[in-house]
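Below is a short report on one protein chain. Look at the sequence and the 3D view before reading on.

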Amino acid sequence: MDSAAASEAAAASGLDRKRINSWALLALFSALALTAHETDDQNANSSNNALVTATTSISIAFSLIAVAANIGVSSLGGLFVGTIVEGLVSLLLVGLWAATLPIVMDPSNGLGQMYVGKSGSSVADYQSTISNANLYFTAWGCAVCALSVMAQYIRERLGGAGTGMGYTAKWYFLMLASVIVIIESMRFKNQVCSIEGGTSQVTCARNTYGLITGIVGLLISFLISTFSSFGKDSALITTASSFLMAVLYTICAGLLTFENGPATYVGNHYFSAWAGFFISFIIFGSVMKEFLGVGAAAPAAASSAESDVEMDRI
């Protein structure tokens, strides 16, 4: 009984450390994003800039409160940690960053990215590239941390025990990468492919493939992560889905980021295509190991040994 209680305490402690780390990183990235934004020469006090300032400020305030609650300051812990309050706060922050990121990353706003062109023989190929690296990377850091906090909360509250429960967060990140691919592909289609001489037909065709891959990735990752959160997933379906996404994103990363692709410059389009590639392979590898039972023998043996010890004590 003592060893079981110790195991439970260690597990709870690990979960608390993950939560504290996520909230602390969110506070740090939010502070850096606010500083990067306010010190930018192109900050013109427009409504877009006001939104970025408000989002980063709110993010700092709530994340600091969350850190204080998770380290047991006063009575905040019982009122916040693992309660509906934490869930609503994490959902609010995810929503705020979901609304703010497109503003920061829109090249036409000149905040995190801007458009540049390279002249060819017949076309001027316009693509977005990073213009404020500090704001760009810290804004994405905020979004990822907020999503991580919400994923941990959902996992704890639902208490699912499905095959994919151990890597539900990875499906959330694949969903995020797919959403970015969709947004950037739609933006490239509307702002570059729609103008005469904006880019070549080959580039636009590759962009269309990226758009289709993003849509498929969004649908699959949403369904699999939802089912696994409720413990209703299937090992076979999860394995087949992760393999499909690995194949699609391998082709997607190749078509979008090489040669005549629409994402040869470093920016959202580039990072999201490669993020989809790496995350899909990480998920596929994890699912395959679990589906084939690789690495399951050691835990089983350890569990059997513990059972024998308990029997001897009785």
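Helices (H or I, at least four residues) and strands (E, at least two) are DSSP runs, numbered from the N terminus. Leu 91, for instance, has its place in helix H4. The model is predicted, so local features need pLDDT of at least 70 and side-chain atom pairs count only at pLDDT 80 or more, while totals for chains, interfaces and linings use all residues. Residues are numbered from 1 along each chain as its sequence is written, and side-chain values use heavy atoms, with hydrogens and water left out.

The chain contains 10 helices and two strands. Along the sequence, the pattern is α-α-α-α-β-β-α-α-α-α-α-α. Of its 314 residues, 42% are buried; buried means under 20% relative accessible area, exposed over 50%, and partly exposed in between (1.4 Å probe, protein chains only).

A nonpolar core is a set of buried Ala, Val, Leu, Ile, Met, Phe, Trp, Tyr and Cys residues joined through side-chain atoms within 4.5 Å. The largest one has 34 residues, and those touching the most other members include Trp 23, Leu 93 and Trp 140. Helices H1 (2–38), H2 (47–70), H4 (84–105), H5 (133–158) and H6 (168–193) each supply at least two residues of this core. H5 gives the largest share, 12 residues. Another core, of 17 residues, lies apart from it and has Cys 252 and Leu 256 among its members.

Cys 252 and Leu 256 are also among the buried residues of H8.

The chain has three salt bridges, a salt bridge being a side-chain nitrogen of Lys or Arg within 4 Å of a carboxyl oxygen of Asp or Glu.

| Salt bridge | Closest N and O atoms |
|---|---|
| Glu 86 and Arg 19 | 3.0 Å |
| Arg 187 and Glu 184 | 3.0 Å |
| Arg 206 and Glu 259 | 3.9 Å |

Glu 86 is in helix H4 and Arg 19 in helix H1, so this pair ties together parts 67 residues apart in sequence. Both of these residues are buried. Arg 187 and Glu 184 lie three residues apart in helix H6, about one turn of the helix, and both are buried. In the remaining pair, Arg 206 is buried, with a relative accessible area of 16%, whereas Glu 259 is exposed, at 63%.
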